[in-house]
Amino acid sequence: MIASSISGGAICLRCRLRLLRQSTRPFQASNRSHILKVGQPSLRYFADESIDRFGAELAKAYHDGPNDDSKNKTQDAKPPAGGRHVLRKKGLKKLLAGGRLLTEGVEGLDMGIMGKPGQVIVMKDHGLLQRTSRMPEYEDTEGGQANQGFVDIEALLDNQQQPPTAREVRDNIDGLRPSTDTVLSGKEFRNIQNQLADGFLSIQLIAYLEHVTNKPLSKDSWIKNISPWAPLGDQQSIPIEVGPSQFGYTTDTDTAKSKLALRIMRECWGLSMAELNGGLGETHIKIRNYEFLLIMRHIRHGAHAMGNVQLDRGEKIEAVRKQNTIRIVSTKTKAPVWVKTLRETLRQIETRSFPLRMVTSDPIDHEVLEEVGRITNTHIRYSSTTNRLHVTWIETKSSQDGDSAGLEDPREAVFRLLLTAYNRRPVKSHLYITGLADNRHSRFIIDTTNKEKLEWTDRMVHWARLSLPVTAEKDTAIKLSSLRRLPLPVQPQKGLLPDKVPSSEKPKEFVQETRFPVYPVTWSQGLETRTTACFGHLLHRYNPAHPPPPMPMLGMVNHPRIFAPVAPHPFQLAKFETSNRSVPMHAKRSILIRFWPTRPLDAGPTQQTRPKGKKKEKVENAIVQGAPVLEVRLAVQGGQVKGVESVHALREMQYSDVMLPTSPVDLRYAQTRYHNLEGDLAELAAWQPVADFLKPARLDLASGRLEVPAHQRFPIPVRLFDEDYPMPERTGVLGPHYTVAGVEVHRSVSTPHEGCLLTYTSIDAGLGGGHRAELTVEPAFSEERPWDEMNVTKYHVMFLATCQKLARTNALWTNHPPIREY
């Protein structure tokens, strides 16, 4: 097919030969003369359009008389094909019938008719009416002036011997595209489809389709392709073998060429039939890989994350991971809204980076980065130099409005998770084994029930617990635990002893170099020790190819292990309440925030080429490594934060793990040495660093929203730093930079038990920390109990015995009868 306003080079060979033949003889009117249209109206004409136009020409021919020159004098006229024109002049007429010029004359007769001389009408044939076609106007390419003369068709064809270019073919195809309407009737839709199939070659249609589909859809480079909305009809989804653009529009009689035309109309022009636009349909949006991961993680908790468009019955949004495609099932009117919302969502992509050396000096596995990205709803990738990590995420509306100013962003959350995973705080650990004397039947059982309690890094590997088969009680030979005493002394909690010095009379911590010289609080001079016994499963790193060593070698090597707390059934816990009705149970809620000393995330690189730069970096590293870990516990009442319950600067942690292969649970004794920030709730909350940290924080326990700033500086006396790392000075106060390492919500219930404090705690560790419940035992002393060395030693032994007894009480953990105890 050849549309209007095209060059002669686009004419097929058959038409070109016909034009060449016609150029050697007078050009005659033809019903095919419309094959070339340039500038002027079509050469095809009809009688009803030409009667008035022929009047002047025929009058001039009649006035000149019926002679042989009449043909040449009427060449410029346009006779109607099959039409008829009559002109009367002085009683005579000239007729145009069948393309022939007839002259009507009157001849006298030698006879009379009704008393008058007789006359007869004579029609003289002057032959076919010849005309000269008016050639179209064209612009002179050199002078730019319109040429009103004739165009030499043969010369034009000689100058254009090449086939039509791809651009000319595309322009011809675009000539069939509707200019405004995209929703057509079935008849109009099929008519355009037939014109495309009949007027162009298959290779031309394929070239056009590839040219349009390879063009970027928009400035959004992350969107690769958007399929047109396709009606589902009675189907739940479009079959894989049928393209989404053709489903519902193809028929059994469609040829391969017709399907190409259909794809052009659907995929390139977005045309549709009005009869198929009712009901549900689907749209496929193919997105680049890491943007697809972002949008998939962004909407996994609900489609409302992408906007305010509501999903009606039967509508849904799905993510097809293998194809990086978002599938939207909705009505046709709502599909463009979802596509627009998706575009707007992807335009909110933010990318920031941080140096890899701030986390670790070794490369990080891609599996680890993928898991962190899943937890934080981000995409993490290496820079081109692999020295930095790029973190990409989608900004939420609250972040754009400024509601989250000063709070932790996804990049800082990624840094926090990687920091705590690759920079474990030093902990002294001891392993003790208590079980049967015969260890030949012991085996490691892979753990499958504690994954939700573990941290995100521990969930990525397999763990196993050492167990022994159940034997008859008479055949049981109990091997007593080798643990006789904990490494650190067992002391009561600070809050359980009477405070001998009122907080108002305590000395204030003096900081001369800050703009807050006097604080209403002070750090304790000596270290305090807190001891907690927790029940659970000691899990050892397990690899079938390299299993853990057997006993007793397991206690001699430093094989990786973790602790998963286990809590008894609530029915068993209720028995402790009934046995202590005289003492009310104490319930409380709190928020525990841990801070790790780090260098600022946005700090520029140190100039290591200069000696001063190296010295400065060495001092900063010593401050970071020697600064204590801080724990800030917030008091919660009625779902609202009421103040600061405690602030601890941790100096040392020790674990004493006791394996009980014959018991349902194992034991872990955790002992922590710390400096306590002394003061009441109001005084601790008024401490400037804590007040600055809590001011922008959003702690809403009712909605589970715990958002805090990512970092804070705390003035720490030098005497609280680790002595193994040399400080610039041994007195005064330093202000190290701290990063939030974790936020946990604790809900606990406590009751006295055999001279100890038995506490059941439900812990929500938030992002990547897991959810767990644990039963702990802590030493507790009444105010009347004298505090001397002899009582401390006796209480130490009694505390260990109480914990061992609870751990080996089968009825508490499995509802089984208790085993024989010694």
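## The whole chain

In the protein chain, 70% of the contacts with a separation of 6 or more are between residues 24 or more positions apart; contact here means heavy atoms within 4.5 Å. This is a predicted model, where local features need pLDDT of at least 70 and side-chain atom pairs count only at pLDDT 80 or more, while totals for chains, interfaces and linings use all residues. Residues are numbered from 1 along each chain as its sequence is written, and side-chain values use heavy atoms, with hydrogens and water left out.

The secondary structure comes to 19 helices and 34 strands. Those are DSSP runs numbered from the N terminus: H or I of at least four residues for helices, E of at least two for strands. Of the 822 residues, 44% count as buried (under 20% relative accessible area, with exposed over 50% and partly exposed in between, using a 1.4 Å probe and protein chains only).

## Helix α6 and its neighbours

Let's zoom in on α6, residues 186-199. Its 14 residues reach 20 Å from the first C-alpha to the last, close to the 20 Å expected at 1.5 Å a residue (the expected span is 1.5 Å times one less than the number of residues). Which residues of α6 are buried? They are Gly186, Phe189, Ile192, Gln193, Leu196, Ala197 and Gly199. An α-helix has 3.6 residues a turn, so residues three or four places apart point the same way. The buried residues of α6 pack against α5 (166-174), β7 (183-184), α7, α8 and β10 (272-273).

## How α6 meets α8

Two packed helices are described by the angle between their axes and the distance between the axes. For α6 and α8, the angle is about 120° and the axes are 9 Å apart. (Axes are lines fitted to C-alpha atoms, for helices over the stretch in contact, and angles run from 0 to 180 degrees between N-to-C directions.) The two are therefore oblique to each other; under 35 degrees counts as roughly parallel, over 145 as roughly antiparallel, 65 to 115 as roughly perpendicular and the rest as oblique.

The crossing of α6 past α8 is right-handed, meaning the near helix is turned clockwise from the far one by less than a right angle, with anticlockwise being left-handed. On the α6 side, Phe189, Ile192, Gln193, Leu196 and Ala197 meet Lys257, Ser258, Ala261, Leu262, Met265 and Arg266 of α8. By class, this contact has 7 nonpolar, 2 polar and 2 charged residues (Ala, Val, Leu, Ile, Met, Phe, Trp, Tyr, Cys and Pro count as nonpolar, Asp, Glu, Lys and Arg as charged, and the others, Gly among them, as polar).

## How α7 meets α8

Now for α7 (residues 202-213) and α8 (residues 256-268), which pack at about 25° with their axes 10 Å apart. That makes α7 roughly parallel to α8. Their crossing is left-handed.

Among the α7 residues in this contact are Leu205, Ile206 and Leu209, and the α8 residues include Leu260, Ala261 and Ile264. The contact divides into 9 nonpolar, 2 polar and 3 charged residues.

Val745 lies in strand β32 and is buried, with a relative accessible area of 5%. Not counting residues up to four places away in sequence, Val745 touches Ser590, Leu701, Leu706, Ser762, Ile763 and Asp764.

Glu754 sits in the loop between β32 (737-753) and β33 (756-764). It isn't a glycine, yet its phi is positive, about 50°. Asn377, in the loop between α11 (366-376) and β15 (379-382), also has a positive phi, near 60°. Are these residues buried, partly exposed or exposed? Glu754 is partly exposed at 40%, and Asn377 is partly exposed at 27%.
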